[in-house]
Amino acid sequence: MSKLYSHIRQMLSPSCGEHEARAIAFVLLDDVCGLSRTDVLMDRDDELDEPTRQCILSLAQRIADGEPLQYVTGTALFDGLKVGVAPGVLIPRPETEELVAAVSQPVLPAGTVVIDVCSGSGCIALALKHRMPQTVVVGVDVSEPALAIAADNAVRLGLDVDFRKMDVLIDAEWDRLAVWLATATADGWDCKQTETTNTGRHVGLIVSNPPYVCDSEREDMESLVLDHEPHIALFVPDADPLLFYRTITRNAHRLLMDGGVLAFEINRRFGAEVAQLLRDEGFSGVGVMQDAFGNDRIVTGVWHLSEK
């Protein structure tokens, strides 16, 4: 086995464990140098020049010191896409991939507008656009650093997603979003189907993975998350754990077309409560889905204008 690969493993094993150290070493050499696992097994990493070797070892040291791998490499794999990440956005989780898979089936009609609320890195919006290129996808977030990362991801991945600044906890911001959507559709978005049947309602799907970790849950979280990922995207007050869900649900049905869907990723503790929020606001067909670990993780509901 190559000396460089072995050196990286030795650096990482005390803090990461032997199995994870091996995996991270392969990822580093692939992401930074473009060397496949086969290349490493054939000792081709030993052919790297000294500046590149020192760069790799420096990155490995940052990981050994406790920095997340994804922030060190600047990328995270999400739903088959290599998404750029930095400390200003959350690192995408596998559970969120399950949310994307759930809301992209069945495939939405061409011209349907999709809004990703609390978009962060843009991973949900970008994955949905990649899965359903016929849709019009918009991502909104309050964080300017996050929006910059999301917009850069869209350009780098060649996916046409519009990212906009919005504080979703302010009702007036939803009014402004509605006006902008109406203007955008009038200016050429292909939303004829929704325009003719829903008096200006153009949105077929609103999806959100908002902050949902209660402040009291901090003590149970790994330092890898607490010390590096943005708290604004993670935590909500213990006194109001459904803050984002309540505000988004209250405003979402003002934009949704007949048959439009609202979908959330949730704190596993509050599946029943979030589902009841949707029912109280008039959504039908409300369901709670479990993730791969058996935890309540996704809540969806359908908005029907004919029932109002």
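This is a predicted model: local features need pLDDT of at least 70, side-chain atom pairs count only at pLDDT 80 or more; totals for chains, interfaces and linings use all residues.

**Stop 1: a strand pair and its sheet**

Residues are numbered from 1 along each chain as its sequence is written, and side-chain values use heavy atoms, with hydrogens and water left out.

Strands here are DSSP runs of E of at least two residues, and helices are runs of H or I of at least four, numbered from the N terminus. Two strands pair if DSSP finds at least two bridges between them.

Now show the whole sheet: it is open, has seven strands in the order S5-S4-S3-S6-S9-S11-S10, and its pairing is mixed. Strand S5 (161-165) and strand S10 (284-290) are at the edges; each has a single partner strand, so one side of each lacks a neighbour in the sheet. From one strand to the next, the twist averages 15°.

**Stop 2: helices on the sheet**

Select helix H7 (residues 123-131), which lies across strand S3 (113-117), strand S4 (136-141), S5 and S6 and runs at about 160° to S5. Angles run from 0 to 180 degrees between N-to-C directions, with axes fitted to C-alpha atoms, for helices over the stretch in contact. Next take helix H13 (residues 271-280), which packs on the sheet and touches S9, S10 and strand S11 (296-303), its direction making about 10° with that of S11. Contact means heavy atoms within 4.5 Å.

**Stop 3: salt bridges**

The whole structure holds 17 salt bridges, each a side-chain nitrogen of Lys or Arg within 4 Å of a carboxyl oxygen of Asp or Glu.

Show Glu229 and Arg93, whose side chains meet in one of these at 2.8 Å, N to O. Glu229 is in the loop between helix H11 (223-226) and strand S8 (235-236), and Arg93 in the loop between strand S2 (81-84) and helix H6 (94-103), so the pair ties together parts 136 residues apart in sequence. Is Glu229 buried or exposed? Glu229 counts as buried, at 5% relative accessibility; buried means under 20% relative accessible area, exposed over 50%, and partly exposed in between (1.4 Å probe, protein chains only).

Finish with Arg250 and Asp171, whose closest N and O atoms are 2.9 Å apart in a salt bridge.
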